[in-house]
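Subject: Structure handover

Hi,

Here is the structure I promised to pass on. Please open it first, then read the notes below.

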Amino acid sequence: MAGQAELTVPEKATDNGRDAAGALVPRLEIRNLRRAFDGRAVVDDVSLRIMPGQVTCLLGPSGCGKSTTLRMIAGVEMQDSGEIHVDGRLICDTVVRVPPERRHIGLMFQDFALFPHLSVAENVAFGLKGSRAEKRARVAQLLGEVGLSRFIDAYPHELSGGEQQRVALSRALAPRPGIMLMDEPFSGLDNRLRDGIRDLTLDMLKKEGTAVLLVTHEPEEAMRMADEIALMRDGRIVQQGAPYNIYNAPVDKDAVSFFSDINVIKGKVQGALTDTPFGQFLAPGVPDGQEVEIVIRPQHLKIDFDRGGRGPDPTPQDGVPARGVVERARFMGSESLVEFRMDFDGSILKVTVPNVFLPSPGKALWLTIRRDRCFVFPVED
């Protein structure tokens, strides 16, 4: 932006990572970032704080503003408003701007972007300063940690995709950046390699004490790698917290469905209760007459094989049994997915069952529902 002052960010704000009052300083903090294109807000009032050694995942569907947020932090895209701080120091707002090459921020993208005309050692050493011997020692150390010492003088085209990704990781870590930005870095790998590369990457980043902001649209990847997840939708962060909390206390129906398949049962509130074929559900704070959606994941529906007087009554937690007829059943590897057409309204409910369970279409069975695993959300107008 014309007229901006260019600054150089110091590598550390303080010697011990604390401010003058003794409080820990975030390695990366973004405040109220906003970016619009053609009048449409792509990133809208996004704020994050990431501490040294912390992995935060920006999770959301394609087009929600994740990559644009990363580009603004890296300095290759300018925000319309908001601030970016590194180690407690302002590096970018609408007046001052530290150039991208002086932000001490590492970058990893889906495209490994290795230089084909440079050897592995030369690729890893590309951003390093110091003597030739110092660079070579750092390169040898990193390649040893990722198990690629024997390829130090090879060229990228001689490596597999997984090996190229490990070289890209080594290159990103070589200058010891305090912050690492990662944009879908593992999506180009096949499933056989992905888990191992992710675990290796996480171990190395933690060892270096790097603050990491990882962008992904895959919930499983976020759950596997992140200390904290920021769930993003339509340019805004709609929920933020530890993976366990995001999964088990979702803010709305869309947040539940982003992590797994869901079943939805509709009802209407009367006296803070909602009547359903599975019994009554509490809807505290919801006014009478308000329609609600009761959301439950397939793994929390249970097939009650003892109905018809052949077994004990269900517990209050399991609610009242409801009858359904099997529409289809499929084996999914570690579990089976069974779809039922329910007697009470003809809707389809999905149930997952461990191992192999493939009842024939048309078979009638009874289902119970885990009340403590249900989420009740008011239906928005």
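A residue is called buried here when its relative accessible area is under 20%. Keep in mind that this is a predicted model.

**Helix 1**

By that cut-off, Lys 66, Thr 68, Thr 69, Leu 70, Met 72, Ile 73 and Ala 74 of helix 1 are buried. That is 7 of the 9 residues in the helix, which spans residues 66–74, so helix 1 is largely enclosed by the rest of the structure. Gly 75 follows helix 1 and has a positive phi, near 95 degrees.

**Nonpolar cores**

Which residues touch the most other members of the largest nonpolar core? They are Val 124, Val 139, Leu 143, Met 180 and Met 182, in a core of 45 residues. Helix 4 (residues 161–173) supplies the largest share of this core, with 5 residues.

Setting aside neighbours within four places in sequence, Leu 143 contacts Val 120, Val 124, Leu 148, Ser 149, Ile 152 and Ser 170. As a general point, nonpolar side chains in soluble globular proteins tend to be buried together.

An open sheet is built from 5 strands in the order 15-14-13-16-22, with antiparallel pairing. Strand 15 and strand 22 (375–378) are the edges. Each has a single partner strand, so one side of each is left without a neighbour in the sheet. On average, neighbouring strands here are turned by 35 degrees against each other, direction ignored.

Inside the sheet, strand 13 and strand 16 (residues 291–296) run antiparallel and are joined by 6 bridges. Val 264 faces Val 295 of strand 16 across this pairing.

Strand 13 covers residues 263–270 and includes Gln 270. Is Gln 270 buried or exposed? Gln 270 is exposed, at 55% relative accessible area. Not counting residues up to four places away in sequence, Gln 270 touches Asp 288 and Gly 289.

**Aromatic rings**

The whole structure holds 5 aromatic pairs. In one of them, the ring centres of Phe 278 and Phe 344 are 6.2 Å apart and the planes meet at 80 degrees, so the pair is edge-to-face. Phe 278 sits in the loop between strand 14 (273–276) and strand 15 (279–282). Phe 344 sits in the loop between strand 19 (335–342) and strand 20 (348–354). The pair therefore ties together parts that are 66 residues apart in sequence. Phe 278 is buried, at 0% relative accessibility. Phe 344 is partly exposed, at 31%.

Phe 375 and Phe 377 form a stacked pair, with 6.4 Å centre to centre and 20 degrees between the planes. Both Phe 375 and Phe 377 are buried.

Tyr 247, Phe 258 and Phe 259 make up one aromatic cluster.

**Charges over rings**

Two cases to look at:

- The charged end of Arg 297 sits over the ring of Tyr 247, 3.7 Å from its centre.
- Arg 371 lies over the face of Phe 281, 4.9 Å from the ring centre.

Best wishes

Conventions: Residues are numbered from 1 along each chain as its sequence is written. This is a predicted model: local features need pLDDT of at least 70, side-chain atom pairs count only at pLDDT 80 or more; totals for chains, interfaces and linings use all residues. Side-chain values use heavy atoms; hydrogens and water are left out. Helices (H or I, at least four residues) and strands (E, at least two) are DSSP runs, numbered from the N terminus. Buried means under 20% relative accessible area, exposed over 50%, partly exposed in between (1.4 Å probe, protein chains only). Contact means heavy atoms within 4.5 Å. Rings of Phe, Tyr and Trp (its six-membered ring) pair if their centres lie within 6.5 Å; planes under 30 degrees apart count as stacked, over 60 as edge-to-face and the rest as tilted. A charge sits over a ring if NZ of Lys or CZ of Arg is within 6 Å of the ring centre and within 35 degrees of the ring normal. A nonpolar core is a set of buried Ala, Val, Leu, Ile, Met, Phe, Trp, Tyr and Cys residues joined through side-chain atoms within 4.5 Å. Two strands pair if DSSP finds at least two bridges between them. Axes are lines fitted to C-alpha atoms, for helices over the stretch in contact, and angles run from 0 to 180 degrees between N-to-C directions.
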